[in-house]
Amino acid sequence: DLLPELPLTRTVGRERCSELSRLAAGDATWPLATGAGRLFEAAGALLGLVERNDWEGEAAVILESLAAAWAGEVEVWPLPPHELAGVPVLPSAGLLLEAARRLLGGEPAESIAASFHATFCALAVELTRRAGHGMAVALGGGCLVNRLLRDGLRTGLEEAGFEPLLATAVPPGDGGLAYGQAVIAAVAGARGAEPSALADLAR
């Protein structure tokens, strides 16, 4: 219902947005994306920052820059985790809906971007609390190039009694993933096994 009033609709076009909305509200035949990068890109598009990424993560990077420019108070929105088949998950749609409501209510985009980051971090920490206590938590993915996200998650997890592990020697995104894949392949080659058989060899 809010979509026609958003900056996104003015740049993409009402007809195209209506079609996407109709598809998204359909029978859920699209694969679900769970990467934080897609969520931050969606928020950047929703706020009208980028119509289409011209380079990897463009909308998410601009959203981070907008959030970093906000000098006022940063609010953590009161959004609880969502239940999906009895499992608590991050309420991605709720985050985007709250951002849309606030934007149309006149809140500055910089404030919304900053609160979006803070709320995401708070929710991620809460979901981690539900998974365990006092354990090490490995943080990875290209979204951790985002300094606000990386620092917010690290601080929140430490305050909650966890040990956050962050990439330092290799990049947190595809570069680090490729390095890990190369290591697995090298170990498999040295043992004369297919990478999928490594788990059996380790037993």
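# Notebook: a first look at the chain

I began with burial. Of the chain's 203 residues, 33% count as buried. I am working from a predicted model.

**Overall layout.** I counted the elements next. There are nine helices and four strands. Reading along the sequence, I noted the order α-α-α-α-β-β-α-α-β-α-β-α-α. I also looked up the extent. Along the principal axes, the C-alpha atoms fill a box of roughly 60 × 40 × 35 Å.

**A strand residue.** I picked Leu 139, which sits in strand β3 (residues 136-139). Is Leu 139 buried or exposed? Its relative accessibility is 15%, so Leu 139 counts as buried.

**A surface patch.** I turned to the nonpolar surface. Leu 20, Leu 23 and Trp 30 make up a nonpolar patch there, with about 290 Å² of accessible area together. I placed Leu 20 in helix α2 (residues 14-24). Leu 20 counts as partly exposed because its relative accessibility is 42%, which falls between the 20% and 50% cut-offs.

**The second largest pocket.** I looked up its volume and found about 250 Å³. It is lined by 15 residues, and those closest to its centre are His 117, Ala 118, Cys 121, Leu 148 and Gly 152. Helices α4 (58-68), α6 (109-131) and α7 (147-159) each give two or more residues to this lining. Which element gives the largest share? I found that α6 does, with six residues. By class, I noted 10 nonpolar, four polar and one charged residues in the lining.

**Salt bridges.** Side chains of opposite charge can pair when their charged atoms come close. I found 12 salt bridges in the structure.

- Glu 41 pairs with Arg 38, with the closest N and O atoms 3.1 Å apart. Both lie in helix α3 (residues 36-46), three residues apart, about one turn of the helix. Glu 41 is buried at 14% relative accessible area, whereas Arg 38 is partly exposed at 43%.
- Arg 150 pairs with Asp 151 at 3.9 Å, N to O. I looked up both partners. Arg 150 is partly exposed at 24% relative accessible area, and Asp 151 is partly exposed at 33%.
- Glu 107 meets Arg 102 at 3.0 Å, N to O. Both residues are buried.

I followed that last pair further.

How values were computed
Residues are numbered from 1 along each chain as its sequence is written. This is a predicted model: local features need pLDDT of at least 70, side-chain atom pairs count only at pLDDT 80 or more; totals for chains, interfaces and linings use all residues. Side-chain values use heavy atoms; hydrogens and water are left out. Patches are made of residues with over 30% relative accessible area and no salt bridge: like charges are joined within 9 Å, nonpolar side chains (Val, Leu, Ile, Met, Phe, Trp, Tyr) within 5 Å. Accessible areas come from the Shrake-Rupley method with a 1.4 Å probe; for residues, only the protein chains shown count as cover. A salt bridge is a side-chain nitrogen of Lys or Arg within 4 Å of a carboxyl oxygen of Asp or Glu. Buried means under 20% relative accessible area, exposed over 50%, partly exposed in between (1.4 Å probe, protein chains only). On a 1 Å grid over the protein atoms alone, a cavity is a set of points where a 1.4 Å probe fits but cannot get out, and a pocket is an open set with protein on both sides within 12 Å along at least five of seven lines; lining residues have an atom within 4 Å of a point. Grid points are joined across faces, edges and corners, and a volume is the space filled by probe spheres set on the points. Ala, Val, Leu, Ile, Met, Phe, Trp, Tyr, Cys and Pro count as nonpolar, Asp, Glu, Lys and Arg as charged, and the others, Gly among them, as polar.
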